[in-house]
Amino acid sequence: MQSYINHLLADIAEACREQPPESYSAATGENDLEAIERYFEEVEQWLENEPEHDFSYYCGLLIEQFPPAEQLTNEQMEAVSLAFEKLLFTWNIGVEMPEKLPVSRKYTLLISVLEKKVAIVENGFETVEFCSYDPPSCPFDEWCTCKELGLKDQYDDDLEDVDPDSIPF
């Protein structure tokens, strides 16, 4: 399996986006106003339109290329996860995950980004969040950070205030 992982790591490295040219170039004659206008066009596009393609479309990797977590060692999952996070970074994509998340869960969630529709931006970062800030449905289970924000207590308190007889269904 390690031989396959080595090839997969090479494929991930190859899928990294090349560094975009500097946003300002004296050769193009672009001034600060033009750069700001380009930035706001991108923000407007992001706000008004849903992303068209999943990440796999942009990077060329398929989720089928990634072995199930059960077939990998922790070290292999860590290596692939680190390489995948670097790949995402080159495409201006970040992910939000708890630090103490087990490596198998992190690996599985990271590669699931391949199937998520994302906006590829030149200015700033697109952040993929897996948690909807609803503790009962959080994919992080006991590692969910929204519990630390006090949302679990708020959620529980909200349920205590509801009269079951007032629910219309």
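These exercises, each with a worked solution, cover one protein chain.

The model is predicted: local features need pLDDT of at least 70, side-chain atom pairs count only at pLDDT 80 or more, and totals for chains, interfaces and linings use all residues. Residues are numbered from 1 along each chain as its sequence is written, and side-chain values use heavy atoms, with hydrogens and water left out.

## Exercise 1. The chain as a whole

Task: state how many helices and strands the protein chain has, and give their pattern.

Solution. 
- Start with the definition. Helices (H or I, at least four residues) and strands (E, at least two) are DSSP runs, numbered from the N terminus.
- Count the elements. The protein chain has six helices and two strands.
- Read along the sequence. The pattern is α-α-α-α-β-α-β-α.
- Of the 169 residues in the protein chain, 31% are buried.
- Accessible areas come from the Shrake-Rupley method with a 1.4 Å probe, and for residues only the protein chains shown count as cover. The accessible surface comes to about 11400 Å², and 51% of this belongs to carbon and sulfur atoms.
- Finish with contacts, meaning heavy atoms within 4.5 Å. Among contacts between residues at least 6 apart in sequence, 75% join residues at least 24 apart.

## Exercise 2. Aromatic pairs

Task: classify the ring pairs Y57 with Y58 and F66 with F84.

Solution. 
- A pair of aromatic rings is described by the distance of the centres and the angle of the planes.
- Set the rule. Rings of Phe, Tyr and Trp (its six-membered ring) pair if their centres lie within 6.5 Å; planes under 30 degrees apart count as stacked, over 60 as edge-to-face and the rest as tilted.
- Apply the rule. The count is five aromatic pairs.
- Take Y57 and Y58. Their ring centres are 5.2 Å apart and their planes stand at 90°, so this pair is edge-to-face.
- Check accessibility. Y57 has 53% relative accessibility, so Y57 is exposed. Y58 has 27%, so Y58 is partly exposed.
- Take F66 and F84. The centres are 5.8 Å apart and the planes are at 85°, so this pair is also edge-to-face.
- F66 sits in the loop between α3 (55-59) and α4 (74-90), F84 in helix α4, and the two are 18 residues apart, so the pair links distant parts of the chain.
- Check accessibility again. F66 is buried at 5%, and F84 is buried at 0%.
- Assemble the group. F55, Y57, Y58, F66, F84 and W91 form one aromatic cluster.

## Exercise 3. W91 and N92

Solution. 
- W91 is buried at 11% relative accessibility, and N92 is buried at 13%.
- List the partners of W91. Neighbours within four places in sequence aside, W91 contacts A15, C16, R17, F55, Y58, C59 and I120.
- Check the backbone of N92. Its phi is near 60°, a positive value in a residue other than glycine.

## Exercise 4. Q65

Task: is Q65 buried or exposed, and which residues does Q65 contact?

Solution. 
- Q65 lies in the loop between α3 and α4.
- Its relative accessible area is 19%, so Q65 is buried.
- A polar atom of the Q65 side chain lies 2.6 Å from the backbone nitrogen of L62.
- Leaving aside neighbours within four places in sequence, Q65 contacts Y4, L8, D11 and G60.

## Exercise 5. Helix α5

Task: name the buried residues of α5 and what covers them.

Solution. 
- The buried residues are V103, Y107, L109, L110, I111 and S112.
- Their cover includes α4 and β1.
- Now take S112, in helix α5 (residues 103-112). Not counting residues up to four places away in sequence, S112 touches I63 and F130.
- The C-alpha atoms of S112 and F130 are separated by 10.0 Å, and the two residues are 18 apart along the chain.

Terms used:
Buried means under 20% relative accessible area, exposed over 50%, partly exposed in between (1.4 Å probe, protein chains only). A polar contact is a pair of N or O atoms within 3.5 Å; within protein, one must be able to donate a hydrogen and the other to accept it, and residues adjacent in sequence count only if both atoms are side-chain atoms.
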